[in-house]
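Trainee: I would like to learn how to read the features of a model. Please take me through them one at a time.

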Amino acid sequence: MREVAELVVAPSEAGIASVLGPRFLEDLSRLVLRAPAGRRVDVGLSGGFVTQRLLPGLVGPSAVDWSRVRVWMVDERYVAAGDPLRNDDEAWTGFLRHCPGVELVRMPSADQYGADGLEEAAAAFARTWERLMGARSFDTALIGMGPDGHICSLFPHHRALDSPGPVVRVPDSPKPPPQRITISMAVMRSCRSLWLAAPGAAKAGAIAAALGGAPVEDYPVGAVLSPTARVYLDGPAARLVR
Ligand SMILES: O=C(O)[C@H](O)[C@@H](O)[C@H](O)[C@H](O)COP(=O)(O)O
């Protein structure tokens with residue numbers, strides 16, 4: 001078994017959002033209060049359920065001083081800026097634009113480096129990461145998980161899983177679109193705290209296997225299931241967890 005800080009089974013997908021959402025914001029406001037003066041708190045966000053259905057429900061007043069928060073996407077689809085497939089636009093439009101003073105660090109886009117420019121784009125983003133983060137990881141991350149157990153764009157049995165650097169290019173993602181840039185597992189393993197939201201029956205097998213200790217190569221999410229992780233499932237997703 002992998003030990004996590006918290007395993008919550010909400011009655012429904014909406015229940016995950018309404019329980020996890022306020023707890024995440026409360027924790028974030030505490031992190032901001034404790035952060036050294038002059039430093040923003042670094043938050044990693046994924047696409048999918050988190051940006052599409054969880055964050056939009058949190059729009060409104062909160063205790064978080066967003067002017068002291070810097071947000072990164074943990075992975076990005078390598079398409080043009082403004083393409084409806086971009087994770088960053090979804091996060092911005094659905095939530096972040098309502099957070100006064102927040103900073104969003106966007107990953108490069110295909111209109112900047114060209115459709116064949118993924119390698120160069122990832123290298124440029126690695127320099128941005130080096131400048132702003134150095135050897136640090138996220139203070140906190142709020143991410144989803146795919147039905148195959150992938151997190152970020154770190155897919156089962158993909159060579160990107162073992163990348164030692166903080167930023168990895170993925171030219172052949174099994175989930176479309178194929179070209180992506182992702183934060184590495186090395187960084188995700190060292191997040192100071194991590195919130196995982198995984199609703200739906202399609203995720204039951206992967207989360208049960210990963211919690212049960214299955215190899216990270218088979219279910220990448222297992223790499224972040226540690227005592228710093230909080231896991232939120234709904235009934236269908238939790239049905240195989242023992
Ligand atoms: O760019 C992406 O495709 C997403 O960032 C991806 O990594 C997502 O977070 C997971 O696939 C979970 O997605 P769901 O929460 O929608 O299942």
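Trainee: What volume does the largest pocket have?

Mentor: A pocket is found on a 1 Å grid over the protein atoms alone: it is an open set of points with protein on both sides within 12 Å along at least five of seven lines. Points are joined across faces, edges and corners, and the volume is the space filled by probe spheres set on them. Here the largest pocket has a volume of about 320 Å³. Keep in mind that this is a predicted model: local features need pLDDT of at least 70, side-chain atom pairs count only at pLDDT 80 or more, and totals for chains, interfaces and linings use all residues. Residues are numbered from 1 along each chain as its sequence is written, and side-chain values use heavy atoms, with hydrogens and water left out.

Trainee: Which residues that line the largest pocket are closest to its centre?

Mentor: Lining residues have an atom within 4 Å of a point. The largest pocket has 21 of them, and Gly 47, Gly 48, Phe 49, His 150 and Lys 175 are the closest to its centre. Helices (H or I, at least four residues) and strands (E, at least two) are DSSP runs, numbered from the N terminus. H2 gives the largest share of this lining, 3 residues. Strand S4 (75-77), like H2, supplies at least two.

Trainee: How does the lining of the largest pocket divide by class?

Mentor: Ala, Val, Leu, Ile, Met, Phe, Trp, Tyr, Cys and Pro count as nonpolar; Asp, Glu, Lys and Arg as charged; the others, Gly among them, as polar. The lining has 6 nonpolar, 8 polar and 7 charged residues.

Trainee: Which residues line the second largest cavity?

Mentor: Leu 25, Leu 58, Gly 60, Ser 62, Trp 66, Phe 95, His 98 and Cys 99 do. The volume is about 30 Å³. By class, this lining has 5 nonpolar, 3 polar and no charged residues.

Trainee: And ring pairs. How many aromatic pairs does a search of the whole structure find?

Mentor: Rings of Phe, Tyr and Trp (its six-membered ring) pair if their centres lie within 6.5 Å; planes under 30 degrees apart count as stacked, over 60 as edge-to-face and the rest as tilted. The search finds 6 pairs. Trp 66 and Phe 95 form an edge-to-face pair, 5.7 Å centre to centre with 80 degrees between the planes. The two lie 29 residues apart: Trp 66 in the loop between helix H2 (49-54) and strand S3 (69-73), Phe 95 in the loop between helix H3 (87-94) and strand S5 (103-105). Elsewhere, ring pairs link Trp 72, Phe 125, Trp 129 and Phe 138 into a cluster.

Trainee: Is Trp 66 buried or exposed?

Mentor: Buried means under 20% relative accessible area, exposed over 50%, partly exposed in between (1.4 Å probe, protein chains only). Trp 66 is buried because its relative accessible area is 8%. Phe 95 is buried too, at 4%.

Trainee: Which residues of the largest nonpolar core touch the most other members?

Mentor: Nonpolar side chains tend to be buried together in soluble globular proteins. A nonpolar core is a set of buried Ala, Val, Leu, Ile, Met, Phe, Trp, Tyr and Cys residues joined through side-chain atoms within 4.5 Å. The largest here has 48 residues, and Phe 138, Ile 151, Ile 181, Met 188, Leu 194, Leu 196 and Leu 225 touch the most other members. Helix H5 (residues 118-133) gives the largest share, 6 residues. Another core, of 34 residues, lies apart from it, with Ile 16, Leu 31, Trp 195 and Ala 197 among its members.

Trainee: Last, the backbone. Which peptide bond is cis?

Mentor: Most peptide bonds are trans, and most residues other than glycine have a negative phi. The bond from Pro 176 to Pro 177 is cis, with omega near -5 degrees. Cys 152 has a positive phi, near 50 degrees.

Methods
1 Å grid on protein atoms, 1.4 Å probe; cavity = no way out; pocket = protein on both sides within 12 Å on 5 of 7 lines; lining within 4 Å.
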